[in-house]
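Subject: A structure for you to look at

Hello,

Here is the structure I promised to hand over. Please open it and keep it beside this email while you read.

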Amino acid sequence: MAAVALAGVITAALAVSSAFGATRREARLPSLDRQVLGAINAFRTRHHLVPLRLTRGLDQSAGEHSVQMGRLGYFAHSSANGTSFWQRIQYFYRSRNYSYWSVGENLLWAAPSVSAARAMRMWIASPEHRQNLLTAKWREIGISAVHVSNAPGIFHGDSVTIITTDFGVRH
């Protein structure tokens with residue numbers, strides 16, 4: 001099983017034909033999203049931090065990014081067009097009219113799948129991911145787990161699960 005995590009400061013299935021004729025399927029995993037949220041909030045609570053609320057803007061940002069990475073076969077915080085992660089998030093999670101705005105992001109992919117518990121173990125083992133999980137200022141989160149069959153690019157046609165978690169605070 002391959003697994004990779006990277007740290008830093010879509011509910012229908014979609015079928016697409018690749019250049020080699022293999023079918024690629026992208027499917028959202030809402031139950032895994034909920035499990036990851038529960039695991040993150042349990043971890044934060046054990047560390048005397050407030051639990052995070054799901055928010056639409058962060059959820060949309062995370063969803064777009066997980067699908068894009070699976071569809072295009074790359075794994076990075078920046079978007080395929082080179083836009084930085086915070087600029088992508090800001091498009092969905094506006095900073096205008098707020099005196100304070102901050103975001104962070106954890107990414108993870110595993111082949112072929114990953115549980116919420118395993119995702120947490122991987123993030124906790126990484127100092128940068130752990131720091132995002134334990135950042136006291138975060139109040140909101142967006143989560144998107146996507147399973148991609150025959151994922152292109154760096155995934156080499158394997159089936160993979162990609163999770164994006166976008167953290168935020170604004171006031």
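**Ground rules**

This is a predicted model, so local features need pLDDT of at least 70, side-chain atom pairs count only at pLDDT 80 or more, and totals for chains, interfaces and linings use all residues. Residues are numbered from 1 along each chain as its sequence is written, and side-chain values use heavy atoms, with hydrogens and water left out.

**The whole chain**

The protein has five helices and seven strands. Helices (H or I, at least four residues) and strands (E, at least two) are DSSP runs, numbered from the N terminus. Read from the N terminus, the order is β-β-β-α-β-α-α-β-α-α-β-β.

The protein has 171 residues, and 47% of them count as buried. Buried means under 20% relative accessible area, exposed means over 50%, and partly exposed is in between (1.4 Å probe, protein chains only).

**Salt bridges**

A salt bridge here is a side-chain nitrogen of Lys or Arg within 4 Å of a carboxyl oxygen of Asp or Glu. How many salt bridges does this rule give? The count is four.

One of them joins Arg53 and Glu140, at 3.0 Å from N to O. This pair links distant parts of the chain: Arg53 is in strand 4 and Glu140 is in strand 6, 87 residues apart. Glu140 has 12%, so it counts as buried.

Next, look at Arg88. Its side chain meets that of Glu105 in a salt bridge of 2.6 Å, N to O. Here too, distant parts of the chain are linked: Arg88 sits in helix 3 (residues 85-92) and Glu105 in strand 5, 17 residues apart. Both Arg88 and Glu105 are buried.

Arg88 also forms a salt bridge with Asp166, with the closest N and O atoms 3.4 Å apart. Asp166 is in strand 7 and Arg88 in helix 3, so this pair, 78 residues apart, links distant parts of the chain as well. Asp166 counts as buried because its relative accessible area is 0%. Arg88 is at 3%, so it is buried too. Taken together, Arg88, Glu105 and Asp166 are linked in a network of salt bridges.

Some background first. Most residues other than glycine have a negative phi, and most peptide bonds are trans.

Which residues does the cis peptide bond join? Find Ala111 and Pro112, where omega is about -5°. Pro112 is in the loop between strand 5 (101-110) and helix 4 (116-125).

Now find His48. Its phi is positive, about 60°, although His48 is not a glycine. His48 lies in the loop between helix 1 (30-46) and strand 4 (53-54). Its relative accessibility is 75%, so His48 counts as exposed.

His156 also has a positive phi without being a glycine, near 55°. Where is His156? Look in the loop between strand 6 (140-149) and strand 7 (160-170). His156 is exposed because its relative accessible area is 67%.

Best wishes
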